[in-house]
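Hello,

Here is the structure I promised to pass on. Have a look at it first, and then read on for what turned up.

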Amino acid sequence: SEEKFEEFCRSNNIIYFRYGTDQRNSGISGGDFIKIPKIIRNTPDYIVIKKTASLVEVKGCKDTAKFKLSDLKSYDFWNNVMQLYYCVYSVTFNEIRFIAHIPLKKLLKGCNIKQFHDFTAYDDKKYYEIPFEEL
């Protein structure tokens, strides 16, 4: 998903750079990564610069995108710092969709809430599920 986003930016002459944290590429264990406050762990992935600067959180999916309820609380914070967009790439449709934070939250209100099976005491991992075509 991030490769597709970067490819999109390059082909559209959009300035971008990596911004957020990613435990998978950090070299630290999940147990240590979880010690970082959630608001920092949920820093959006990129900053893009056009007329203004914006934050971008990149998500990958098949035919439904999933947004964890607890992550959306952090994204509320980041959207108050700088406008936040989501770039969602579907491997099923081989397509990228962009949506701003506030319109996404409005769309999610009508979506089902589900729970990932690997929930823990510190994260119940409830999420909204939205069909990719609705983004």
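Let me start with arginine 18, which counts as partly exposed at 33% relative accessibility (buried means under 20% relative accessible area, exposed over 50%, partly exposed in between, with a 1.4 Å probe and protein chains only). Before going further: this is a predicted model, in which local features need pLDDT of at least 70 and side-chain atom pairs count only at pLDDT 80 or more, while totals for chains, interfaces and linings use all residues. Residues are numbered from 1 along each chain as its sequence is written, and side-chain values use heavy atoms, with hydrogens and water left out.

Arginine 18 meets aspartate 45 in a salt bridge at 3.8 Å, N to O (a side-chain nitrogen of Lys or Arg within 4 Å of a carboxyl oxygen of Asp or Glu). Aspartate 45 sits in the loop between α3 (38–41) and β2 (46–49) and arginine 18 in strand β1, so the pair ties together parts 27 residues apart in sequence. Helices (H or I, at least four residues) and strands (E, at least two) are DSSP runs, numbered from the N terminus. Aspartate 45 is buried, at 7% relative accessibility. Arginine 18 also forms a salt bridge with glutamate 2, with the closest N and O atoms 3.5 Å apart. Because glutamate 2 lies in helix α1 (residues 2–11) and arginine 18 in strand β1 (residues 15–18), this pair ties together parts 16 residues apart in sequence.

On to the sheet. It is open, has 3 strands in the order β4-β8-β7, and its pairing is antiparallel (two strands pair if DSSP finds at least two bridges between them). Its edge strands are β4 and β7 (112–115), each pairing on one side only. Between β7 and β8 there are 4 bridges, and lysine 114 stands opposite tyrosine 127 in β8. Lysine 114 also forms a salt bridge with glutamate 129, with 2.8 Å between the closest N and O atoms. Here lysine 114 is partly exposed, with a relative accessible area of 35%, whereas glutamate 129 is buried at 18%.

Finally, helix α5 (residues 101–108) has His101, Leu104 and Leu108 buried. Seen down the axis of α5, these buried residues fall within an arc of 60°, so they line one face of the helix (the arc is that of the directions from the helix axis to the C-beta atoms). They pack against β4 (64–68), α4 (69–81), β5 (84–90), β6 (95–100) and β8 (126–131), where contact means heavy atoms within 4.5 Å.

Best wishes
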